[in-house]
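Hi everyone, thanks for coming.

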Amino acid sequence: MAADILPERRRALLVLNRRARNGDADLGAIRSTLREGGIDIAEHELDGSEALADVIRRHADSCDLVVLGGGDGTMNAAAPALVETGMPLGIVPLGTANDLARTLGLPADPVAAAGLIATVGTRPVDLGEVNGHFFFNVASIGFSADLAAELTGAAKRRWGVFGYVIAAFRLLRRAKLFTVYIEHDNTIETVRTFQASVGNGRHYGGGMVIESTASPDDGLLDFYSLEVGHWWSLIALAPSLRRGTHGRWRNVRAFRTTEIVLRTKTPKPINTDGELTTWTPGRFRIRPGAVRIHAPMPGSSEPYDVTNDRTGYLVNG
């Protein structure tokens, strides 16, 4: 099928997170690339007094799309408003890990990513949801949540993805097994684990892979639980976690589902896309096709347009 033509001119709400690790990128070149690609800009600079989601809601009637420059935390903060308004998202990766951009096959170079927004249409992308909080990549309890609390913004800016490794090794010797009750598909399982994770996308934690065949538009959640006997076994698991093949290990529980409940003996924090946002018990579900993002379709090298994206997909849940 021939690609549709993007509108000649569009108007974008542009929000660039200057506090992101690569917030000092050539922002002028990003703006110029968007304008040259037919995108007029209404730029807003966050000053801490207003939530990003509220800014998007306020511009929903005057803009055709949202362009965000930042990392996964920035994209996560925008998710509620993107769902509510149905506005498509363009991503300029300026963060530390940029796992959502990696999952969607976006260019790592911010200017190249801006050029893609101007020339490539949107694809529907699922969202995970836990206790009313959305996540693009993964939500976890246990080791990853402790890592999110340990890894400061300053460490991310200084060390980049390597900061995850430094913080992880610092935490490893303090890691302890805990009990989690897993409810899914009419079953309840009780396990002792170092970490329980529910993935929506493919990449997380600076390039780790949730599951080797995971896709951000498959309508499924990928669960895994690391039920190894000792913390040093997590080191042996590391290569498999990078490849997404950890589910083949005997001491790793892994399955796919659309809804899951995780309970713990005492409340534990839940990490969603790198931020601690809620506590157990966690009720997880998938929101198929909840947002539209400017990104190539899997296996496609040709641009396509947003006009087909509203057909056959659940946009607002």
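Let's begin with F284, which is buried, with a relative accessible area of 3%; buried here means under 20%, exposed means over 50%, and partly exposed is in between, using a 1.4 Å probe and protein chains only. Before going on, a word on the source: this is a predicted model, where local features need pLDDT of at least 70 and side-chain atom pairs count only at pLDDT 80 or more, while totals for chains, interfaces and linings use all residues. Residues are numbered from 1 along each chain as its sequence is written, and side-chain values use heavy atoms, with hydrogens and water left out.

For a pair, ring centres of Phe, Tyr or Trp (its six-membered ring) must lie within 6.5 Å; planes under 30 degrees apart are stacked, over 60 edge-to-face, and the rest tilted.

F284 pairs with F135: the centres are 6.4 Å apart and the planes at 75°, so this is an edge-to-face pair. F135 sits in strand β6 and F284 in strand β18, so the pair ties together parts 149 residues apart in sequence. Strands here are DSSP runs of E of at least two residues (helices are H or I, at least four), numbered from the N terminus. F135 is buried too, at 0% relative accessibility.

The rings of F223 and F255 have centres 4.7 Å apart and planes at 25°, so that pair is stacked. F223 belongs to β13 and F255 to β14, so parts 32 residues apart in sequence are tied together. F223 is buried at 2%, and F255 is buried at 15%.

Those two strands take us to an open sheet of 6 strands, in the order β14-β13-β10-β7-β16-β17, with antiparallel pairing; strands pair if DSSP finds at least two bridges between them. β14 and β17 stand at the edges with a single partner strand each, so one side of each has no neighbour in the sheet. Strand β10 is joined to β13 by 5 bridges, and V198 stands opposite F223.

Last stop: T280, in the loop between β17 and β18. T280 is buried, at 5% relative accessibility. Its side chain makes a polar contact of 2.6 Å with the side chain of T264, and also reaches the backbone nitrogen of K268 at 2.8 Å. A polar contact is a pair of N or O atoms within 3.5 Å; within protein, one must be able to donate a hydrogen and the other to accept it, and residues adjacent in sequence count only if both atoms are side-chain atoms.

Thanks, and over to you!
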